[in-house]
Amino acid sequence: MVGVAMGIVMGLSIVSCNSNKDASDAFGNFEADDQIVSSEIPGKLLSSNFEEGMTLAKGAEIAVVDTVPLVLQVAQLESQMATIQARKQSVKTQIAVIEQQKKNLEKDKVRIGNMFKDGASTQKQVDDVNGNMDVLSKQIASTRSQETVLSGETKGTSTQLAQLRDKISRCRILSPINGLVLERYKKTGELVGQGQSLCRMADVSSLNLRVYVSGDQLPHLKIGQKVKVLIDDTASKNRTLEGTVTWIATEAEFTPKIIQTKVERVKLVYAVKVKVSNDGSLKIGMPGEIKFID
């Protein structure tokens, strides 16, 4: 009987050792790095090409905001620009006319100066031609200042046009990532404000398994470390994947109620993220486990 009892004890010890050996080191759930897609321009949604559960390619058109108010502003500024250009052309013509008058007056000045030397003209005639030269020079300077002002108006209007055209381009809202639409917040025909969310997306080509480890497990983990990731395959069998530790919390926190731990009654744990490539079998919120690779 003693031998039988010893055999049972040894058998239980072996089972216990194997059970500890096979036990996972940490437990958690899969999550994704989500991203909120928002509208930069306020207005009415003319179209929305996304639904919850839809996979979108990066750069794909998600929605279009009404551009009519912006297009009308562009038309108004283009009309102003045409008027400014016409005024600039008129000023250039005025400058050309005055400069020609000044050239003609310079010839008269030379002729009158020669006549004055010969006594054929008076000092008044010389003074008059010099005065007229000064007047024309001031007219040219004044007209050129008008041209400078108009050039400034042209630059300002061009800047406003560029800003409006940029806003119009932003009315086409594009997918920022290759990802899955997790939630939809707006539909076609609804009004959106600047910065208002349209949908929530996530790249599910890889997911993060957020697990929690105790303080005595921390020395066995480091950033970039490979670990075994276990997910349910059947009711009695797990499937093994490879994961990489990408983040370890620097501060402890109380064990979340939904998380199991390797050691019972562990109160403070550290959150750890393990990145796992997704072949389509991993879902957000799915439970998972990790085992350290020896």
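Strand 11 and strand 15 (residues 287–292) run antiparallel and are joined by 4 bridges. Lys228 has Lys291 as its bridge partner in strand 15. This is a predicted model. The protein chain holds 3 helices and 15 strands.

- Strands of a sheet pair through backbone hydrogen bonds, and they can run parallel or antiparallel.
- Strand 11 covers residues 226–232, and strand 12 covers residues 238–248.
- These two strands run antiparallel, with 7 bridges between them.
- Leu230 has Thr240 as its bridge partner in strand 12.
- The link from strand 11 to strand 12 is a hairpin of 5 residues.
- Strand 15 also pairs with strand 1 (residues 26–31), in the antiparallel sense and over 4 bridges.
- In that pairing, Phe27 stands opposite Glu289 of strand 15.
- Strand 1 has a further antiparallel pairing, with strand 10 (residues 206–213), over 5 bridges.
- There, Asn29 has Arg210 of strand 10 as its bridge partner.

**An open sheet with the order 2-9-7-4**

- This open sheet has 4 strands, and its pairing is antiparallel.
- Which strands form its edges? They are strand 2 (34–38) and strand 4 (55–56), and each pairs on one side only.
- Strand 4 pairs with strand 7 (residues 179–184) over 2 bridges, in the antiparallel sense.
- Thr55 has Leu180 as its bridge partner in strand 7.

**An open sheet with the order 6-5-3-8**

- This open sheet also has 4 strands and antiparallel pairing.
- Strand 6 (172–174) and strand 8 (191–192) stand at the edges.
- Each has a single partner strand, so one side of each is left without a neighbour in the sheet.
- Strand 3 (residues 43–48) and strand 8 run antiparallel, with 2 bridges joining them.
- Gly43 stands opposite Val192 of strand 8.

- Helix 2 takes in residues 68–117, which makes 50 residues.
- From its first C-alpha to its last, helix 2 reaches 73 Å, close to the expected 74 Å.
- Helix 2 is followed by Gly119, which has a positive phi, near 80 degrees.
- Helix 3 (123–170) is part of what covers the buried residues of helix 2.
- Helix 3 has 48 residues. The distance from its first C-alpha to its last is 71 Å, close to the expected 70 Å.
- The buried residues of helix 3 pack against helix 2.
- An α-helix has 3.6 residues a turn, so residues three or four places apart point the same way.
- Buried residues of helix 2 include Leu70, Val74, Leu77, Met81, Ile84 and Lys88. Also buried in helix 2 are Val91, Ile95, Ile98, Leu105 and Ile112.
- Buried residues of helix 3 include Val126, Val129, Met133, Leu136, Ile140 and Thr143. Also buried in helix 3 are Glu147, Leu150, Thr154, Thr157, Leu161 and Leu164.

- Thr154 is found in helix 3.
- Why does Thr154 count as buried? Its relative accessibility is 11%, and buried means under 20%.
- Which residues does Thr154 touch, not counting those up to four places away in sequence? They are Met81, Ile84, Gln85 and Lys88.
- Of these, Met81, Ile84 and Lys88 are among the buried residues of helix 2.

**Charges and rings**

- The charged end of Arg184 sits over the ring of Phe50, at 4.6 Å from the ring centre.
- Lys273 lies over the face of Trp247, and the distance to the ring centre is 5.6 Å.
- How many aromatic pairs does the structure hold? The count is 0.

**The whole chain**

- The protein chain has 294 residues, and 32% of them are buried.
- Take the contacts in the chain with a separation of 6 or more: 75% of them join residues 24 or more positions apart.
- The accessible surface of the chain comes to about 18200 Å². Carbon and sulfur atoms account for 54% of that surface.

Notes:
Residues numbered from 1 in each chain as written. Predicted model: local features only at pLDDT ≥ 70, side-chain atom pairs only at ≥ 80, totals over all residues. Heavy atoms only, no water. Buried < 20%, exposed > 50% of the residue type's maximum accessible area, 1.4 Å probe, protein only. Contact = heavy atoms within 4.5 Å. Areas by Shrake-Rupley, 256 points an atom, 1.4 Å probe, with all protein chains shown as cover. Pairing = 2+ DSSP bridges. Expected span 1.5 Å × (residues − 1). Phe/Tyr/Trp six-rings, centres within 6.5 Å; stacked < 30°, edge-to-face > 60°. Lys NZ or Arg CZ within 6 Å of the ring centre and 35° of its normal.
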